[in-house]
Amino acid sequence: VLRPSSVAVIGASRRPGTVGGEVVRNLLAAGFSGPLHLVNVRGGEVAGRPTVPTIADVEGDVELAVIVVPANAVLAVARACAAKGVRALVVLTGGFADVGPAGRARQDELLAVCRAAGMRMVGPNCLGVANPRPETALNATVAPTAPTPGDVGFASQSGGFGSAAIDAAAARGIGFSSFVTMGGKADLSGNDFLEYWEQDPDTAVVLLYLDSFGNPRRFGRIARRITTAKPIVAVKSARAAAAGRRAASSHIGALLAAAEVTVDALFAHAGVLRAETVGEMFDVAGLLARQPLPRGDRVAVLTNAGGPGVACADACEAAGLRIERLSDATRKQLAEGLRAEVSSGNPVDMTASATAEQYERSLRVLLHDDAVDAVVTIFVRPLAARAAEVARGIAAAAERADRPVLAVWLGADAPAAADTGTVPRFSTPEEAVRALAHAVQHARRRAAPPDPPFEPTDADTATAATTVAEGLGRGGGWLPSDDVERLLHCWGIPVVASR
């Protein structure tokens, strides 16, 4: 799917603006490294390339087929792909489980065709997949903007969110090792791609947008293993929708299934960093991919304006990060390079007269203080300096630092990406602090010892098995509360007494 040796587009269209036309345009623009075959039942040329009427007419092997034919033709095309020996499908077409029971039956039949032939499938009803790294150069999506190469693996159930993610990444100078939209998740899911990225040397950070969990237990097990080495940042949608479902239903099972607290608990146990928005997700990704992990939670703030510095300190306190007094030695070194009226406390307010040289020198001093685990710099455009000059100074000081540096640029005078180097850019102190708090959380996860295996010494497994068997014998579903309490007692889990 993500490193195919050859690709066929079935339903390739010569009409711009159509799904079949845009996916061909994107594949050609990316310069896919292998053979690209175009299938159009009417024949002729598409984008100046010859087409064949069916997949069977393609000469040579096809590893990945991108299907963009109408929903009622997808099953026949999938069977033809199976007969051809295609290894994987990306089904962009909608009209399956997304449209009701009839579509669900069609999706089940499509999955059965794939399983019988040993083909894997992404979709249906997805935006496509991409691997923009030069050795593959695959963009089998209909996204209006092409993902750029980098070291972030991204998977989304939502195609619209995936398209927005490409734009959010580009605005922050972040690139992708691979990009996947899963749509209906009939076959391949986020868990499968997590296991791929775990082994992929080109992926440093994993980002997920999830509407639902197909197998939350497997997700938790895989994610907890991965987060000991690579960070996973996730946006789980539908907080409001879950509240709506709870309000609309009086059934205790539906209430528990929709409870957001279970998602938070799952993420916390698995070491997954939960972001609220796509912007926050990529803020965190940019920091984790480009900067060292913080060794602790002590933050120094370097600013040329007092108000934003105080706002940053407040945000740190709210996020559980510490703003502590700098050592006397550090304060003395800072004072030697600044004007007499400058505050060398924490935040370090250099006032509006601060120059690019003073930013660079003061940052180097802070980065040599063992009591500082991270530095947030803040720049508000004054008369004395320009953002580009200050950005180059900050980048030079942070280049070989062993702790993270974050830069906040307030106002219209923001530097270009070429000036900031590997220092991530933020628009507000609060955004920078949220990203830093996630980095501290991941650093603690990396440093945590492995989980000890659970070894019950006096579990009543016979009673537990009997309780479960009786529940299944009644037809499954939710266990009555008395049985739940009995089951928990079998494993030594204490339960609050009820009357």
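Tutor: Strands E12 (residues 205-210) and E13 (residues 232-236) run parallel to each other and are joined by five bridges. Helices (H or I, at least four residues) and strands (E, at least two) are DSSP runs counted from the N terminus, and two strands pair if DSSP finds at least two bridges between them. Leu210 has Lys236 of E13 as its bridge partner. This is a predicted model, in which local features need pLDDT of at least 70 and side-chain atom pairs pLDDT 80 or more, while totals for chains, interfaces and linings use all residues. Residues are numbered from 1 along each chain as its sequence is written, and side-chain values use heavy atoms, without hydrogens or water.

The E12-E13 pair belongs to an open sheet of seven strands with mixed pairing, in the order E9-E8-E11-E10-E12-E13-E14. Strand E9 (138-141) and strand E14 (273-274) form the edges, where each has a single partner strand, so one side of each lacks a neighbour in the sheet.

Turning to a helix, H14 (residues 387-398) has 12 residues and covers 16 Å from its first C-alpha to its last, close to the 16 Å expected (1.5 Å times one less than the number of residues). Its buried residues (under 20% relative accessible area with a 1.4 Å probe, protein chains only) are Ala387, Val390, Ala391, Gly393, Ile394, Ala395, Ala397 and Ala398.

In the largest pocket, 22 residues make up the lining, and Gly11, Ala12, Asn40, Val41 and Val69 lie nearest the centre. Helix H1 (19-30) and helix H2 (71-84) are the elements that give two or more residues to that lining. H2 supplies three residues, the largest share.

The second largest pocket has 19 lining residues; Arg172, Asp283, Arg425, Phe426 and Ser427 lie nearest its centre. Here helix H10 (278-290), strand E19 (425-426) and helix H16 (429-447) are the elements that give two or more residues. The largest share of this second lining, six residues, comes from H10.

Note on methods:
On a 1 Å grid over the protein atoms alone, a cavity is a set of points where a 1.4 Å probe fits but cannot get out, and a pocket is an open set with protein on both sides within 12 Å along at least five of seven lines; lining residues have an atom within 4 Å of a point. Buried means under 20% relative accessible area, exposed over 50%, partly exposed in between (1.4 Å probe, protein chains only).
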